Each structure stands twice: as C-alpha cells, then as structure tokens.
Amino acid sequence: MYVDYHVHPLSHSGGDYTEVLLIPYLSEARERGLTEIGFADHDEYWEGLDRTIIASVSASSPDLKIKLGMEVSYWPGRETEIAGLARRYPFDYLIGSVHDIDNWMFDHPAYRMGYRAWEFDDLYRKYYELIKGMAHSRLFDIVGHLDLIKKYGYRPEGDLLPFAELALQAIRQSGLVVELNTAGLHKPCAAIYPSQELLSRCFELDIPVTLGSDAHTESEVGRDFVYAREILYRIGYRRIAVFSQRQRSFISL
Ligand SMILES: [Zn+2]
Ligand SMILES: [Zn+2]
C-alpha cells in the first residue's frame with residue numbers, strides 16, 4: 001500500500017488551503033493508487049494551513065485518508081520556535097529537514113556556487129552533524145530527504161556511509177522514521193533520498209521508513225512509488241510507518 005506524506009500544495013508561493021487547491025491532489029492520489037496522503041507544507045507557510053478545509057475534504061473522501069503534517073527546517077538554536085510551531089495545530093506528523101548550513105541554503109539552485117567553498121569531506125561531516133542534532137532534538141517524527149546534501153552531485157570520494165553513521169544512531173535512539181523521498185530522481189543527483197546503501201543501513205538498525213514524493217504540483221503526487229516500493233522490498237522492508245496525531249503505527253508495504 002502506498003502513502004505519500006511529503007506533499008506541498010502551497011509549493012513555494014504560500015497562500016491558504018482551500019478545497020479548490022487540495023482536491024486535485026486527492027484526485028491524483030487516487031489515480032496513483034494511494035490509500036493515504038499527507039499535506040506537509042514548508043513551515044514558513046503555517047498560517048495558510050486550515051483544519052476546517054482538511055476536515056471538509058476528508059468528509060468527501062472516505063476512500064482516502066488525509067493527514068496534516070508540516071515540513072520544518074531545522075537548524076541549531078531554532079528548537080523553541082519549532083516547539084511553538086508544533087503546538088499551532090493538531091498535526092499528524094512533523095517532518096524535520098536540514099536545508100541550511102550556517103545560513104547557506106545549500107539545496108537552493110541560486111546558492112549552488114556555495115559548494116566551491118567546501119572540502120566535501122568537511123561538508124558531509126557538517127551536514128550529518130546537523131542531522132544528528134535534529135534527531136536529538138526529539139521535535140520531529142520523520143527525517144526529510146536524509147542525504148539531501150548530495151542534491152547537485154557534489155560528494156566526497158569513496159564510501160559515504162561512515163559520514164552518516166552517528167546521525168543514523170541518533171535517528172534510531174530518537175525513534176524517528178526515515179522517508180524514502182523520490183524527488184531526488186528528478187534532481188542533478190538522479191537518485192532517491194536516501195541512497196539504497198543508507199536505506200540498507202537503516203534496515204539493519206531497525207529504523208522504520210515511510211514514503212514521500214516532495215510534490216510541489218499535483219502531477220507529482222506518488223511519483224516513482226512503484227520503483228520506491230521495489231527498492232524497499234528488496235532491502236527487506238515489509239511495512240511502512242503512518243501517523244495520526246503524532247502517534248506512529250504501521251501498514252503493510
Ligand atoms: Zn525539503
Ligand atoms: Zn519538501
């Protein structure tokens with residue numbers, strides 16, 4: 001069964017949730033055979049979220065579970081603000097994502113030249129240090145695009161697993177779920193987040209997974225999930241995590 005927990009109806013433009021905005025996402029979810037869709041807009045647009053709209057589209061979609069989440073950007077020092085944001089709504093889940101290193105938005109195409117300032121070993125160490133801090137904060141339910149730092153294909157030579165190991169240990173200790181995010185397939189790195197090697201290590205560590213497309217338009221909902229399921233199945237996963245009011249349970253994959 002498929003769920004898509006990483007969907008951005010407000011994309012990068014913001015605005016408010018309306019039935020007109022959300023319904024095309026539900027239609028696409030049905031087309032793709034999803035049983036559940038979770039809206040998880042970027043935290044800067046939290047004011048546009050609307051429980052009443054979610055409730056009314058849910059009432060008209062008994063065949064599809066609809067969840068309300070949010071993708072929150074983590075950086076050290078933001079913990080109190082994030083805890084406040086988490087109380088704004090009865091969220092089903094929060095995705096924690098690292099998009100910034102010392103105020104550098106490393107995943108933004110406009111700031112790509114910033115990679116030139118780094119030795120990639122140092123960059124990966126710094127990035128996973130932030131992921132580890134995010135896990136220890138215990139503010140989140142799901143780790144967003146775990147190895148986003150590879151987005152533009154910049155990477156150290158050799159095995160990347162050692163850079164992530166301590167972050168993975170922290171993820172396990174904090175009981176976090178890792179998402180398989182298919183958006184990377186359409187970015188310069190042309191690979192899922194996280195890599196199959198990292199997912200295999202997650203499986204060894206008994207870290208649960210869920211699925212996300214990172215859709216910013218309705219046509220991207222559930223994109224590449226057949227492929228994603230194949231990968232998870234091959235690694236050994238037979239169930240994926242789902243959330244209701246920040247309580248985790250599992251459904252079969
Ligand atoms: Zn993100
Ligand atoms: Zn996202």
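His6 is buried, as is Asp214, where buried denotes under 20% relative accessible area, exposed over 50% and partly exposed in between (1.4 Å probe, protein chains only). In this predicted model, local features need pLDDT of at least 70 and side-chain atom pairs count only at pLDDT 80 or more, while totals for chains, interfaces and linings use all residues. Residues are numbered from 1 along each chain as its sequence is written, chains are lettered from A and ligands numbered from 1 in the order in which they are written, and side-chain values use heavy atoms, with hydrogens and water left out.

His6 belongs to strand β1 (residues 2–7) and Asp214 to the loop between β9 (209–212) and α7 (225–235), so the pair ties together parts 208 residues apart in sequence; helices (H or I, at least four residues) and strands (E, at least two) are DSSP runs, numbered from the N terminus.

## Cysteines

The structure holds zero disulfides, a disulfide being a pair of cysteine sulfur atoms within 2.5 Å. The sulfur of Cys202 lies 16 Å from the closest cysteine sulfur, in Cys189, which is too far for a bond; Cys202 is buried, with a relative accessible area of 0%.

## Ser56

Ser56 sits in helix α2 (residues 51–59) and, at 28% relative accessibility, counts as partly exposed.
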